[in-house]
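Colleague: I have not looked at this one before. Can you walk me through it?

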Amino acid sequence: MSYQVGVPSSSAAAVPGPSTSARAPSYSGSSASSSDSEPDDFEGWEEDADEAAAHATRSLFEEGKFLPTPEEALAWDREKFGFDLKEVAGRLALDFHQSIRLVNYIRSQCPPAADLAKLTGQEAFLSADEYLVPVIPDDPLLQLELDSDDWSDDEGSAAPAGDLPHAQRKIRELEAQLAQARGDLSDFRQLVQTQLRPEAFSEAAAADRAAGDAPAKPERDDDTHYFQSYSSNDIHEIMLKDHVRTASYAQFILSNPKLFKGATVLDVGCGSGILSLFAARAGAKKVFAIDASEVVEKARRNIKDNGAEGVITVIRGKVEEITLPVDKVDIVISEWMGYFLLYEAMLDSVLVARDRFLRPGGVLAPSQCRIMLGAVQDDELVRDKVLFWSDIYGFNMSSMASEVYDEAMVDVVSSSALITSVTSIKELPISTIQIPQLSFRTPFTIRATRAGTVHAFLGYFDTFFTPSGEPVPDERECNTVDPPKEETFKGPDGGKEDGEGREVSFTTGPQGTATHWKQTLFLLRQPIEVKEGTTISGTFHCLKSTDNSRELDVEIHYSVQGGADSAREGKTEVGMFKVR
């Protein structure tokens, strides 16, 4: 977590493009206005070829037929096969998750279009979780809000007297519209972040000054405090003492001498210089250690004191602005991960380094991360953070507890607190992911493993290092065992000279040894009473904050099926949190 490189402070978060992984696809945006990603520099409004390809949509009924957009694919199916997905979704008043199930059911089971016209909304597959898994990774049809108001063709119509089925459909439709309304705020924020160009305001302000108008408000600075916070020893001591973190990097670098021997390495956000020293010990020919914080002066001394100044060159600056004395490097190493993985936005700078300096076929370490989501029952957390305020020396200060529901908490949770399954909500293959994809919206389903009370959603991340730099297979589980002691991989002799090299992984979840990243908790205002098998389904939204590009805005839209409280059954609830 040595976050010492720059992210332009004026750049807002962009709506994510399609995920490159089928394990946890990111369904980014719910409308045309909020799902079209813009380039980082916001130059122009035309979609590039990659974006156009991302929207290519396969027909529901003709396997080899692809249309440029989801809308054109729907029109094709309507004209050629007589099936109108909009009409069916509106007639049945399908909610967001039922719409996803319908699309995946059609793609996997291939029913005749004529049979689909007979759907009543009571079919078992509309509540089966297996149809929440996309048949086509990043299927553009799953990015459409099929329960949108515009898709309901009986808007405002009243149910005829005694027509119970019509009334039930109308109730479901209104519930779906309510859930959509709750989601509109998130979509609007996404729209503002991607479609409004913050630099345009700076340009206008500069023009005003040139014309003699009043001076403009100073441009926001998200970087200065960030860099200053890494100048002191305290944070580096914490990170270096994190054995899981530091030893995992050491194990990968020193156990893969075939990869590092003779290589040119770029260390992005070098901090104390520890990763650069590992790379030099592993036989790297040249290492460039980059950092924008004053800590680089300490790194320079550390490198000299260890006799590595002939291999390691320290450069102070932002990776977006520096130049290197070489055109390309073979390996980019960086410890960029923040709380909930993406806090502090250092990955943006690593991706810039990748695109500017990494040779084709080069390796990034780490090569992949996964963001995981589950839920916990943590009575101690509630006592410490909520109930504590109800009796302060005989005084009731409960009003002060309200803020704990607005900001995510970073804390260590026992594995015994997990009360549900966990699921991946975002895959990040570092070699291919793009900056806009770091904001995302992903459907999820988790299932209670025992009866109890859900107090909070739980987020953490898993990290993988592969010698090839390629992502691990979807089914690969993350290591939960501590990495070996330092003595077992002091240098290249302990590594593999031949073969495929050694993969390394570590988790920050409660099932592993606690790290300085801990876990991220999203506390619920209303705990959920669950039975074994209760499902909690919803959509997880994660965006860069409009207030500070290094912080995160998170929204969790969720509903409960088969819970202990029948009054909450199937109702969509929304939690909104800051990660900072």
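Colleague: Fine. What kind of model is it, and how many helices and strands does the chain have?

Modeller: It is a predicted model. The chain has 16 helices and 17 strands.

Colleague: How much of the chain counts as buried?

Modeller: Of its 580 residues, 54% count as buried. The chain exposes about 25200 Å², and carbon and sulfur atoms supply 51% of that area.

Colleague: What about contacts between residues at least 6 apart in sequence?

Modeller: Among those, 77% join residues at least 24 apart.

Colleague: Now the helices. How do α11 and α13 cross?

Modeller: Helix α11 covers residues 243–254 and helix α13 covers residues 274–281; their axes come within 9 Å and cross at roughly 25°. Angles under 35 degrees count as roughly parallel, so α11 is roughly parallel to α13. The crossing is right-handed.

Colleague: Which residues meet there?

Modeller: From α11, T246, Y249, A250, I253 and L254; from α13, I274, L275, F278, A279 and R281. By class, the contact has eight nonpolar residues, one polar and one charged.

Colleague: Switching topic: where does T513 lie?

Modeller: T513 is in the loop between β13 (504–507) and β14 (519–530).

Terms used. Residues are numbered from 1 along each chain as its sequence is written. This is a predicted model: local features need pLDDT of at least 70, side-chain atom pairs count only at pLDDT 80 or more; totals for chains, interfaces and linings use all residues. Side-chain values use heavy atoms; hydrogens and water are left out. Axes are lines fitted to C-alpha atoms, for helices over the stretch in contact, and angles run from 0 to 180 degrees between N-to-C directions. Helices (H or I, at least four residues) and strands (E, at least two) are DSSP runs, numbered from the N terminus. Angles under 35 degrees count as roughly parallel, over 145 as roughly antiparallel, 65 to 115 as roughly perpendicular and the rest as oblique. A crossing is left-handed if the near helix is turned anticlockwise from the far one by less than a right angle, and right-handed if clockwise. Contact means heavy atoms within 4.5 Å. Ala, Val, Leu, Ile, Met, Phe, Trp, Tyr, Cys and Pro count as nonpolar, Asp, Glu, Lys and Arg as charged, and the others, Gly among them, as polar. Buried means under 20% relative accessible area, exposed over 50%, partly exposed in between (1.4 Å probe, protein chains only). Accessible areas come from the Shrake-Rupley method with a 1.4 Å probe; for residues, only the protein chains shown count as cover.
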